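Please have the sequence and the model open as you read.

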Amino acid sequence: RTIPLISWLFLCSDSHLCFSIPEGNECIKAIAKSCGECIQVGAKCGWCMDPGFLKQGEATSTRCDELESLRKRGCSSTKVENPQGSQWILKNKAVTNRIKGAENLRAEDITQIQPQKLTLSLRLGEPQSFNLKFKRAEDYPIDLYYLMDLSYSMKDDLENVKNLGTQLMLEMSKITSDFRIGFGSFVEKKLLNPCTGDQNCTSPFSYKNLLTLTSNGQEFNTLVGQQQIDGNLDSPEGGFDAIMQVAVCGEHIGWRNVTRLLVFSTDAGFHFAGDGKLGGIVLPNDGKCHLENNMYTMSHYYDHPSIAHLVQKLSDNNIQTIFAVTEEFQPVYMELKNLIPKSAVGILSANSSNVINLIIDAYNSLSSEVILENSKLPEGVTIMYQSRCKNGVTGEGEMGRKCSDISIGDDVSFTIRITAKQCPKMGKPETIKIKPLGFNEEVEITLNFICECDCHKDGIENSDICHNGNGTYECGACRCNEGRIGRQCECSTNEVTIEDLDKSCRKDRGTDICSNNGDCVCGTCECKKRENPEERYSGMFCECDNFNCDRSNNKLCGGHGHCECRWCICDANWTGSACDCSLDTTTCLASNKQICNGRGTCECGTCKCTNPKFQGPSCEICPTCPGVCTEHKECVQCRAFGTGEKKDTCERDCSYFNLIKVKDRDKLPQPGQAFPLMHCKERDANDCWFYYTYAVNKKSEKEVHVSALRALTSSPLWAGVVAGIVLIVLALLLIWKLLMIIHDRREFAKFEKEKMNAKWDTVREWR
């Protein structure tokens, strides 16, 4: 019975044969079939190209592993494919150190950002970082375009703007020696003239470019003086149409690649995308230039642009916007400013008399801040910024894109980190650009993606190694053609039988397929992978592993060997089932160069004393031998009571044992413990008896228990006194005894005499 392999894989999902995917090691988890797939998993992954690297039962995908794991598994570093990312700076012109009044430079010769062009080669998951420097140049050219609302409510403002050209030229000369000014006006999409009676106004228009940028301030004054106000039916104006045309019609406006300022002056709100429907206009604004004879001709055809559309075009054309508006509409334009980077809002007086100061203040505010922006990133590419601004101020995240309070001549820098998470679908290089908002300079970055190994170039298509040409032999392994599987591409996905699999993947009839530790693929066991990359199944039937050997101190093979097929292979000078027995006898050598002082044998690097009286690492300690008590007397005395000959050097000379104080003699350890014990009684410096025990415990630590209660001893003086007292007492007792004897004899004699007298009297009476 023959079934497609794909179906068999599906059927095995309900059996024990299914392939387990570990959660820990991402390199193993990826099950990479080629070197290219491996290095795309992450920067930690490498591919072993050694043809003889795989052990029996290991799948081709096990060539992909973490670098340290590959080294431990025996893959030489010269056989590991592990490409690294790199970078090349192609254009690195230094920033311009220019002071006002120095030699004239063309705008294109002034550099404020460095470097200007570079190439990055990105390995997936491995970031590439570079530093970007920005320096605000002095005496940098400025183009300013004044865009004014000429609706009827701006009548008095127009009078004050008529002299703006020469006055503004004078003020701006303090900032730059190269200044140009232009003028345009707007009202609303074209309707009938709403002005009535004696009002001197013209019908509304969407946008007029009245004066291309010029360095002649008097020409500005003359042209503005010829303008008349226009009418409008509603309060919001069509200023967005005008801004769009000013931004995209660079040739008509005369923009140079210098600082570009757009002053937008109005006393009303604005129409935006969707409002054109009120006049029957439904087509969205196309963001293109439609000026004919300096007049916007498509206002009746295209709707007002959206705010997002304006932001894009202003940014693309490096235009910084200054909104000069009346106090009534300041909150509205402040909200708009928050949506348009590198823009400012100033409050216009009722008749625009403060417009020059407003422009100067807004320019200083805009030019003192640098904000980096990047073009659209390719899919799977991320970018991060870190700023280093004036006075040691740093920023990360969104704050890492900008620096504030920059003065002319100040240097600031940014660290930019670019990371690729996936390879592009077309496999071609991508280009991104980074620039400071409002400036015409930019950094061009070409991104190359490392998605294949270098050894891929040397691959041999239809190689005989891959089962009669059924695959490409590359990077030490076969990459099978479509429809072929197996380590050497020896099987077809349409010619696999379950019976053959069962037969060739069992050790014998009574065992599980691949010992239940692998999958039968193409009649060959491919062993399962473990979450721990250092743990592996192996063998023809996956019957072996390298993690089920005996352990010692919670270490596999005691840390002194390696596990092969569930048996410990010990390192040199180690033996035992867990390689925990050392054959090295140097640890048993005593100071006299004898093994265990000649009192024992060295077993597993430790002395086994043949005489139970001796202890210690080299059988050198005899706790119960004569002289032990005297040897330790002074140290016990100084540590326990602070007295004795060694009281001044106690800490230095007597820290070789552990001291435990007990209440009295009865609390001292008694014989019968697991280790020998010596009871000691010594006299201290105060002529008192003190009692202690000395022993060496199972850890070969010297241990002293001492009684806190001491006892008086008998001195010669006291002995004499006591002896004298005893003699006196004995003499008194003898004298007393002698007197008692004399007394008793006298009394007895008296008694005998009285007895005789009594007997005589009786005889006489009888007679």
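## Disulfides in the predicted model

C596 and C607 are both buried, where buried stands for under 20% relative accessible area, exposed for over 50% and partly exposed for in between (1.4 Å probe, protein chains only). This is a predicted model, in which local features need pLDDT of at least 70, side-chain atom pairs count only at pLDDT 80 or more, and totals for chains, interfaces and linings use all residues. Residues are numbered from 1 along each chain as its sequence is written, and side-chain values use heavy atoms, with hydrogens and water left out.

A disulfide is a pair of cysteine sulfur atoms within 2.5 Å, and by this rule there are 24 disulfides. The table shows three of these links.

| Pair | S to S distance |
|---|---|
| C527 and C542 | 2.2 Å |
| C557 and C568 | 2.1 Å |
| C596 and C607 | 2.1 Å |

The link of C596 and C607 is left-handed, with -100 degrees about the S-S bond. C596 sits in the loop between strand 36 (581–582) and strand 37 (600–603), while C607 belongs to strand 38 (residues 606–609), eleven residues apart. Strands (E, at least two residues) and helices (H or I, at least four) are DSSP runs, numbered from the N terminus.

Why is the disulfide of C557 and C568 left-handed? The torsion about its S-S bond is about -95 degrees, so the disulfide has that hand. Both C557 and C568 are buried.

For C527 and C542, the torsion is about -100 degrees, so this disulfide is left-handed. C527 is buried at a relative accessible area of 3%, and C542 is buried at 0%.
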